[in-house]
Structures are given as structure tokens and as C-alpha cells.
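Hello,

Here is the structure I promised to pass on to you. Have a look at it first, and then read on for what turned up.

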Amino acid sequence: MTGVISSKKRERDRSSHSSALDALNCDDILCDILQRLPPESVVKLIIVSKRWLSCICSYAFRRSYLKRWKVSSNLLGFFVCNSLYLGRPQGGLRRAPSEPALPLLSTSKEGDDLKYSGVLKQLGYFVDSSNGLLLCGRHPKTYYVWDPITKQQHKLPRPRVYFEELCMAFIVEDSPDDSICYKVVRAKCECKHDKVNTVTIETFLSKTHTWYYLTLTCNSTLSLCPWKVATVIRGVIHWFAARGNIAIYNQECEERHINLIELPGFHDFDERVLGESADGLLQYGQSCKLGMEIWVLDKDQETCSSTSKWILRYKLNFKTMWKRNPRMMTAFSTCSKSKETQILSLQPQNSECVFLRNGENIFLCHLENREVEVVHYNGRGSSVLWDFSRVVPYFKPAWPQSSLCLW
């Protein structure tokens with residue numbers, strides 16, 4: 001009797017095992033199962049087989065997975081762009097031969113590899129990054145897009161229109177065939193902001209490999225701030241504009257229109273940065289000697305309306321912050337009057353942390369508990385002109401990569 005029961009149990013086990021294998025052999029069922037696993041588990045499962053690797057790295061799976069789970073990015077370092085060399089007039093200040101055109105303050109081994117690979121020397125100056133891709137070049141004629149995964153450098157054709165002063169936007173889009181798909185937008189900056197209500201832009205599309213000329217209109221006069229880059233949220237471009245405004249250009253709107261929205265408390269602060277919050281809203285940070293404020297723009301993302309309001313999420317006094325972090329204050333002498341704390345950058349799709357600078361030190365501040373940690377980087381003591389440089393964190397998406405399906 002015992003033998004009969006054991007035999008039936010073995011048959012049930014074999015049947016159950018066979019059913020599990022049949023289910024995993026179905027791509028739809030496999031993808032549905034993998035979609036329910038947390039990111040740390042999915043990353044490990046790419047070694048199961050080439051089929052699993054291809055599934056996890058595919059465009060369709062990645063797009064669905066990222067809607068369900070929040071996947072972090074890896075900080076490779078900070079790119080430095082010296083504004084003294086932008087729009088340099090004839091006979092103006094020149095970069096010393098000993099100073100690299102594209103400095104990278106590396107914070108990781110992958111950043112070190114990139115820094116010493118020699119690739120950066122071929123790309124000119126840093127302009128912007130999007131989804132890990134780099135936009136570099138020399139204004140206003142030469143631009144490159146570099147892909148850190150394929151290690152390929154894409155040279156853009158020369159722009160058709162000359163802008164003496166301009167601001168930029170770099171947008172990397174998802175492509176179903178996993179090919180590189182991006183846009184580069186150049187916008188003309190007018191100095192006569194009290195007389196002009198139009199903005200001339202030129203857009204490069206990687207799909208057509210062509211620049212397109214366009215004129216946008218605004219309900220009021222405006223002037224974009226030169227040599228700035230845009231914050232792009234779901235395809236909507238946000239530029240800093242003169243007189244404490246944000247210029248918003250929604251490419252999906254049929255009307256060729258640009259909206260102006262006033263910043264909160266703009267005239268009282270020295271440093272200002274833009275970014276995307278964790279809930280997909282425009283995030284604005286501003287700081288002065290005393291402290292900083294973090295705001296988000298509450299508006300309907302589905303329309304082209306400029307109806308909006310700012311919501312204050314965090315207000316932080318620097319003196320109080322450092323008192324709550326006495327070890328950091330002592331170790332890095334942050335109480336020195338010559339080293340005032342200021343906001344450096346917001347983290348992408350993150351509402352909880354910001355990068356701060358004090359002297360040549362970079363810190364990560366956790367806004368909820370006010371705790372501060374130092375960000376160690378390779379290049380400390382280098383000749384970075386902090387007061388004239390844009391120091392931007394460079395993140396690479398932390399998603400499984402495969403030579404079978406480059407994206």
C-alpha cells in the first residue's frame with residue numbers, strides 16, 4: 001500500500017514539474033512571472049538562459065517593467081562644463097592645454113574606466129545627458145551623441161541656422177526596435193526680452209538625420225537664459241527664462257506655442273536648479289547662504305494649459321542641517337565662511353535627495369531626515385572653477401544589458 005501511494009506521489013510531482021516547464025516555455029507566461037519580481041531578482045535571472053536574457057532586455061518587457069517598478073540609476077560621476085568657454089567671442093578666454101575639455105569627477109570604477117579611456121577627448125565639451133547617452137560638442141557648429149553601451153559616437157550634421165547665444169534640450173526616446181532614437185533642440189536666446197514674443201528653435205531628429213527650423217510664439221514677451229539645458233519630463237521641455245520665469249514647450253501640442261510660468265521667490269536666491277520629481281512633476285530647487293527650498297509644479301500634464309501652482313515640499317536651513325551632522329561639519333570644515341553651502345543638482349526622478357556643494361566637497365542630502373553624506377570623487381584638488389562651471393551628475397540606467405539586444 002505504501003508503494004502505491006509513493007508511486008502516485010511521484011506521478012503527481014512529475015506532472016506538476018511538467019506543467020511548470022510548459023508554463024515557462026510560453027513567452028507570455030514567462031514575462032508575466034518576471035514582471036512580478038523585484039529588480040534585484042530580475043537582474044540575477046539574466047544568466048538562466050539566452051532566452052531569459054533576451055526577454056528581460058527586450059523593449060516591450062523593459063517598458064512594462066519600468067511602469068511597475070522603480071529602477072535606480074548608477075552614478076558614474078559629475079561632468080564639468082566651464083561657462084567661460086561657451087559663446088567665447090573672438091580673442092576671448094581660451095582653455096589652457098592642461099585643462100581637459102570634458103572633465104569627469106568620477107565616483108565609480110565604471111566612471112574611472114570612462115575617464116581614462118580617451119573617449120572623452122574626442123567629444124568636445126559637455127552639453128547634456130539623457131538616459132545614459134551623452135550630448136557633447138562645440139557650440140554652435142559641432143555636436144556628438146555618444147552611447148556608453150555600444151561605445152559608438154554619432155556625429156550630427158552641422159546646424160542650418162547660426163545662433164549667437166542659445167540653450168539646448170536633449171531627449172532620448174524609447175524605440176520598439178531597440179535602436180537609438182533621440183532629439184536635439186537648439187533655441188535662440190534674445191537679449192531684447194521686453195520686445196520679443198517668439199522663440200526660434202532648430203530640432204534634430206535621429207530618425208531622419210535632419211535639422212528642422214521652427215518658430216514658437218508666446219502670449220507675453222520673453223527671453224531664454226543662454227547656455228542652459230532643459231529639463232525634459234515626458235517630452236515636455238522646461239527652460240529657464242529671464243525675469244524669474246520658466247519657459248515650457250510641449251512638443252505634442254499642435255499649436256507652436258511656448259508658455260511662461262513664474263518661479264517662486266526667484267529674486268531671493270542665488271542658485272537654482274530644475275529636475276523631475278519621483279511623481280513625474282517639474283521640481284525646482286533654490287538656495288542662498290541661509291538655506292534652500294524645494295518646490296514642485298502642480299499642473300495637469302495631459303493638457304497644454306499653463307494653469308499651475310507651485311507647492312513647497314522642503315525648506316532647509318543649512319546651519320541647522322550641519323548641526324545635525326556634526327561629524328561631517330568637523331571632518332570637512334563646513335562652518336568656514338569661505339565655504340558656503342549651495343544646492344548643486346537634483347537627482348533624476350527623486351524627491352528625497354539633493355546634491356549640495358561646500359567648497360570642493362560634494363554631499364548628498366537626504367531631505368526627510370536631514371542627514372548628509374559625502375560623495376567621494378576622483379579628481380579632488382583639480383582646477384575646477386566652481387563659480388563659473390556647471391557641475392552635473394551623470395547617471396547610467398541600471399538595467400541588464402546584453403550584446404544580443406543592445407538598447
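**What was found**

What covers the buried residues of helix 5 includes helix 2 (27–35), helix 3 (39–44) and helix 4 (50–57). Please keep in mind that this is a predicted model.

The buried residues of helix 5 (residues 59–68) are Tyr-59, Phe-61, Arg-62 and Tyr-65. Because they span an arc of only 160 degrees around the axis, they sit on the same side of helix 5. Ala-60 and Lys-67, on the other side of helix 5, are exposed.

Next comes Ser-106, which belongs to strand 2 (residues 104–106). Its relative accessibility is 2%, so Ser-106 counts as buried, the cut-off being under 20%. The side chain of Ser-106 makes a polar contact of 2.7 Å with that of Asp-112. Leaving aside residues up to four places away in sequence, Ser-106 touches several others, among them Leu-76, Gly-77, His-376 and Tyr-377.

How many cavities of 30 Å³ or more does a search of the whole structure find? There are two. By type, the lining of the largest cavity has 10 nonpolar residues, one polar and two charged.

The second largest cavity holds about 30 Å³ of space. Its lining consists of Lys-188, Glu-190, Thr-198, Val-199, Leu-222, Ser-223 and Leu-224, which divide into three nonpolar, two polar and two charged.

Best wishes

Methods
Residues numbered from 1 in each chain as written. Predicted model: local features only at pLDDT ≥ 70, side-chain atom pairs only at ≥ 80, totals over all residues. Heavy atoms only, no water. Buried < 20%, exposed > 50% of the residue type's maximum accessible area, 1.4 Å probe, protein only. Helix = DSSP H or I, 4+ residues; strand = E, 2+ residues; numbered from the N terminus. Arc of directions from axis to C-beta. Contact = heavy atoms within 4.5 Å. Polar contact = N/O pair within 3.5 Å; in protein donor to acceptor, adjacent residues only side chain to side chain. 1 Å grid on protein atoms, 1.4 Å probe; cavity = no way out; pocket = protein on both sides within 12 Å on 5 of 7 lines; lining within 4 Å. Points joined across faces, edges and corners; volume = space filled by probe spheres on them. Nonpolar A, V, L, I, M, F, W, Y, C, P; charged D, E, K, R; others polar.
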